[in-house]
Amino acid sequence: MTEPTLDTRPSQPSAFLPDAADVAAAAGGDRRAFERVYRTHVPKVYSLCLRMLGDRTLADEVTQDVFVRVWEKLPGFRGDSAFGTWLHRVAVNVVLTRRKTSGIQHGRAADDDALELAPTRHEPVGDRLDLEGAIAQLPKGARTVFVLHDVQGFTHEEIGEQLGITPGGSKAQLHRARLLLRAALTR
């Protein structure tokens, strides 16, 4: 498994900003502080896991794995990047590792539960369900790149590094994803 690395991108939106005192206390072993960190960030982590995996049950499991990993690695968090950025990187790495080890092949026949994603934006419910459902129907590679680039804001170089593909491969997957989404949403 790849360890989280320093991320120099701008900090995440305010909903993902850490409570520095809780993060510091949790890094020192304070379980109550860690619980507050968990409760603050679990919706975002779960949403990311669900989007990348396309399976509600698996997303629950992987979300728990992410926070176990965070608990283990938090004492080593140096604060060189925003906590939310570091947490996001841990979550992506845990999801990618899970997909590699379990050979998950979610693609065009994604679980209907993926349509009931936790809301993360203030869009009309019908529009969000259409988009979430269309994302869930994307082939695995295209969905992963789309989520990492257009939803999470990673660059093609970062995506290539995480997935072991070239930046050009990432761009091609993103182009494919956008074409498929456009076709799905204009039906």
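Helix axes are taken here as lines fitted to C-alpha atoms over the stretch in contact, and angles between them run from 0 to 180 degrees between N-to-C directions. On that basis, helices H2 and H6 of this predicted model pack at an angle of about 145°, with their axes 8 Å apart. The residues that meet in this packing are Leu 48, Arg 51, Met 52 and Leu 53 on the H2 side, and Arg 143, Thr 144, Val 147, Leu 148 and Val 151 on the H6 side. Divided by class, the contact of H2 with H6 holds 6 nonpolar residues, 1 polar residue and 2 charged residues.

The chain as a whole contains 8 helices and 0 strands, and its elements follow the pattern α-α-α-α-α-α-α-α along the sequence. Of its 187 residues, 44% count as buried. Among contacts between residues at least 6 apart in sequence, 71% join residues at least 24 apart.

Helix H2, which spans residues 31–53, also packs against helix H4, which spans residues 83–102. The two axes come within 10 Å and cross at roughly 40°, an angle that makes H2 oblique to H4. The crossing of H2 past H4 is right-handed. From H2, the contact draws on Val 37, His 41, Val 45, Leu 48, Cys 49, Met 52 and Leu 53. The residues contributed by H4 are Phe 83, Leu 87, His 88, Ala 91, Val 92, Val 95, Leu 96 and Arg 99. By class, the contact of H2 with H4 comprises 12 nonpolar, 2 polar and 1 charged residues. Leu 48, Met 52 and Leu 53 of H2 take part in the contact with H4 and also in the contact with H6.

A further packing arrangement joins H6 to H8. The axes of these helices come within 8 Å and cross at roughly 95°, so H6 is roughly perpendicular to H8. In H6, the residues concerned are Gly 141, Ala 142, Val 145, Phe 146, His 149 and Asp 150; in H8, they are Ser 170, Gln 173, Leu 174, Ala 177, Arg 178 and Leu 181. The contact of H6 with H8 consists of 6 nonpolar, 4 polar and 2 charged residues.

In soluble globular proteins, nonpolar side chains tend to be buried together. In the present model, the largest nonpolar core has 43 residues. Those with the most contacts inside this core are Cys 49, Met 52, Val 62, Val 66, Val 70, Leu 74 and Phe 83. Two or more residues are given to the core by each of H1 (20–27), H2, H3 (56–73), H4, H5 (125–137), H6 (140–151) and H8 (167–185). The largest share, 11 residues, comes from H2.

Around Leu 74, the contacts beyond four places in sequence are with Val 23, Ala 26, Ala 27, Phe 34, Phe 83 and Trp 86. Trp 86 is located in helix H4 and has a relative accessible area of 8%, so this residue is buried. The C-alpha atom of Trp 86 is separated by 9.4 Å from that of Val 70, which is 16 residues away along the chain.

Helix H7 covers residues 156–163, of which His 156, Glu 158, Ile 159, Gly 160 and Gln 162 are buried. These buried residues pack against H4, H6 and H8. Just after H7, Gly 164 adopts a positive phi of about 75°.

Although 14 residues separate Asp 19 from Ala 33 in sequence, the two are 9.5 Å apart in space, C-alpha to C-alpha.

Methods:
Residues are numbered from 1 along each chain as its sequence is written. This is a predicted model: local features need pLDDT of at least 70, side-chain atom pairs count only at pLDDT 80 or more; totals for chains, interfaces and linings use all residues. Side-chain values use heavy atoms; hydrogens and water are left out. Helices (H or I, at least four residues) and strands (E, at least two) are DSSP runs, numbered from the N terminus. Angles under 35 degrees count as roughly parallel, over 145 as roughly antiparallel, 65 to 115 as roughly perpendicular and the rest as oblique. A crossing is left-handed if the near helix is turned anticlockwise from the far one by less than a right angle, and right-handed if clockwise. Contact means heavy atoms within 4.5 Å. Ala, Val, Leu, Ile, Met, Phe, Trp, Tyr, Cys and Pro count as nonpolar, Asp, Glu, Lys and Arg as charged, and the others, Gly among them, as polar. A nonpolar core is a set of buried Ala, Val, Leu, Ile, Met, Phe, Trp, Tyr and Cys residues joined through side-chain atoms within 4.5 Å. Buried means under 20% relative accessible area, exposed over 50%, partly exposed in between (1.4 Å probe, protein chains only).
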